[in-house]
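Please read the numbered points with the sequence and the model side by side.

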Amino acid sequence: MGKLDGKVALISGGARGQGEAEARLFAREGCAVVLGDVLDDDGRMVAESIIDAGGQAGFVHLDVTSEANWSDAVHQAVSQFGGLNILINNAGILQPGGLIERSSLDDYRRIIEVNQIGVWLGIRAAIPPMKESGGGAIINTSSTAGLEGYTGAGAYVSSKFAVRGLTKVAALELARYNIRVNSVHPGPIDTPMLSGETRPRNEQGDINLAAPIARFGRADEVAKMMLFIAADATYSTGSEFVIDGGLTSAYYVSS
Amino acid sequence: MGKLDGMVALISGAARGQGEAEARLFAREGAAVALGDVLEDEGRRVAESIIDTGGQALFHKLDVSDQSNWAEMVERTVEEFGRLDILINNAGIVRMKMIEDSSLQEYLEVIRINQVGVWLGMRAALKPMKELGGGCIINTSSIAGLAGYAGISSYVASKFAVRGMTKSAAIEFAQYNIRVNSVHPGPIDTPMIRDPQIARREPGEVSYGGPIPRVGEADEVAKMMLFIAADATYSTGSEFVIDGGLTAGSNIASRMDQ
């Protein structure tokens with residue numbers, strides 16, 4: 001018996017990284033999952049492998065900045081699986097080296113569109129089917145960059161603070177429909193987004209994580225938090241769930 | 001198969017309310033639970049009823065403001081169950097008094113139990129957890145550790161302190177593989193909010209103004225504790241809020257409608 005038997009979840013950015021781990025875990029817990037992503041081949045492969053393992057899954061092309069794409073995605077969840085109970089706004093992008101002084105308006109807007117407006121569109125699209133289902137859970141992936149500033153990531157930090165704030169407003173507005181809305185704030189998680197030049201390094205070029213738990217988090221650890229929020233956090237809405245190895249609580253004053 | 005099979009949890013204030021719900025859930029998930037409380041009869045009864053349903057439990061008298069009580073409690077736990085994996089600092093009291101009308105003694109009574117009690121608990125648990133090679137400490141703060149509430153200044157001060165010391169401990173204990181997190185419940189239906197000095201009505205009749213228009217259940221808090229103990233393996237120093245949205249903000253749109 002799964003924790004999400006009979007439920008339907010839509011996960012944006014479900015083709016890889018945290019979204020993929022969430023889709024796989026939710027499917028193992030009995031949930032029918034619709035994966036939305038711009039990476040069509042990767043996303044289809046994940047959906048197929050979930051089905052091969054005995055789960056229920058579908059893929060839909062979802063550019064989260066497109067209102068029409070969102071409408072299609074929600075429609076697919078309802079037509080294929082009969083409703084929508086859970087939305088995970090997971091899709092996001094990170095640009096490296098975007099110091100305010102050097103970055104362009106186009107770069108800034110691009111990040112805001114995907115990370116911030118994409119979440120706003122997702123929430124709006126999910127409301128009608130969740131109202132019809134008598135309630136639901138929306139989980140927005142913010143970041144530790146929604147809790148504190150990071151140099152060179154002005155657009156990303158802006159977008160993630162906005163998601164944190166938007167989550168609370170949605171929690172207040174949607175409670176009347178029995179829809180809970182919470183944000184999750186991952187620190188450094190070992191996913192494709194944190195590869196190449198965006199991977200944290202020290203001066204010697206090694207990975208440098210000044211966090212009490214001195215390792216990267218894993219996508220499946222984030223997925224377990226999502227599962228808890230979706231299945232068991234029935235009295236939490238507008239809350240911020242931080243999974244960062246202690247990064248944001250740590251300012252070392254002695255060693 | 002339980003999520004906590006083979007683990008040992010010590011829970012302060014476990015004779016009733018949230019502590020009791022946590023003890024029962026943890027025992028159902030396979031943990032051996034050591035219940036500490038100043039309410040000896042009630043605490044013993046909870047431990048016995050856990051044992052009657054096939055769980056492992058013990059009760060030991062624990063005044064959390066007393067350092068030697070903590071030493072005995074931890075010693076007894078390790079003696080009977082062999083180890084200590086999880087500590088839930090749950091015991092707490094609330095006293096309703098405006099700052100203007102409150103005595104130093106009344107203030108210190110709350111600080112001693114809610115704040116010094118947590119500090120003592122973490123110190124007492126450190127040694128067996130280090131020996132074990134890791135562990136998990138969960139400190140029960142409150143939404144009164146996130147925002148101010150009039151009439152309970154000692155409670156608010158103690159709960160902000162718990163929130164802060166949780167983060168210090170998270171940083172200091174990470175080298176021992178011990179995670180330390182805080183939980184921040186809003187109004188939960190327990191004996192604490194049924195106390196006549198706090199509320200004259202049934203919890204269900206009071207409107208707290210949160211988006212989820214009901215009080216929470218102790219069982220919902222217990223599930224959060226279980227998640228943190230069993231699955232939140234990359235969270236330390238985090239604040240887990242379970243308040244029905246009370247601290248999310250204000251419904252100003254409805255005020256403008258009026």
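**Notes on the two chains**

1. The contact between the chains draws 29 residues from chain A and 28 residues from chain B, where two residues are in contact if their C-beta atoms, placed from the backbone, lie within 7 Å. On the side of chain A that touches chain B, the elements giving two or more residues are helix H5 (154–174), helix H6 (219–231) and strand S7 (240–243) of chain A. Sorted by class, that side of chain A has 15 nonpolar, 9 polar and 5 charged residues; Ala, Val, Leu, Ile, Met, Phe, Trp, Tyr, Cys and Pro count as nonpolar, Asp, Glu, Lys and Arg as charged, and the others, Gly among them, as polar.

2. On provenance, this is a predicted model, in which local features need pLDDT of at least 70 and side-chain atom pairs count only at pLDDT 80 or more, while totals for chains, interfaces and linings use all residues. Residues are numbered from 1 along each chain as its sequence is written, and chains are lettered from A and ligands numbered from 1 in the order in which they are written.

3. Chain A holds an open sheet of 7 strands in the order S3-S2-S1-S4-S5-S6-S7, with parallel pairing; strands (E, at least two residues) and helices (H or I, at least four) are DSSP runs numbered from the N terminus, and two strands pair if DSSP finds at least two bridges between them. Strand S3 (56–61) and S7 of chain A stand at the edges with a single partner strand each, so one side of each has no neighbour in the sheet. From one strand to the next the twist averages 20°.

4. Helix H1 (residues 17–28) of chain A packs on this sheet, touching strand S1 (8–12), S2, S3, strand S4 (86–89) and S5 of chain A, and its direction makes about 170° with that of S1(A). Helix H3 (residues 67–81) of chain A lies across S1, S2 and S3 of chain A and runs at about 155° to S3(A). For these angles, axes are lines fitted to C-alpha atoms, for helices over the stretch in contact, and values run from 0 to 180 degrees between N-to-C directions.

5. Within the sheet, 6 bridges join strand S5 (residues 136–141) of chain A to strand S6 (residues 179–186) of chain A, and Asn140(A) stands opposite Ser183(A) in S6(A). S6(A) also pairs with S7(A) in the parallel sense over 4 bridges, with Phe241(A) in S7(A) as the bridge partner of Val184(A). From S7(A), Glu240(A) and Val242(A) point one way and Phe241(A) and Ile243(A) the other way, and all are buried, a residue being buried if 20 or more other C-beta atoms lie within 10 Å of its own, exposed if 12 or fewer, and partly exposed in between.

6. Leaving aside residues up to four places away in sequence, Gly36(A) touches residues including Leu10(A), Ser12(A), Val60(A) and Ala73(A).

7. In chain B, strand S6 (residues 178–185) and S7(B) pair in the parallel sense over 4 bridges, and Pro185(B) stands opposite Ile242(B) in S7(B). Both faces of strand S7 (residues 239–242) of chain B are covered, with Glu239(B) and Val241(B) buried on one side and Phe240(B) and Ile242(B) buried on the other.
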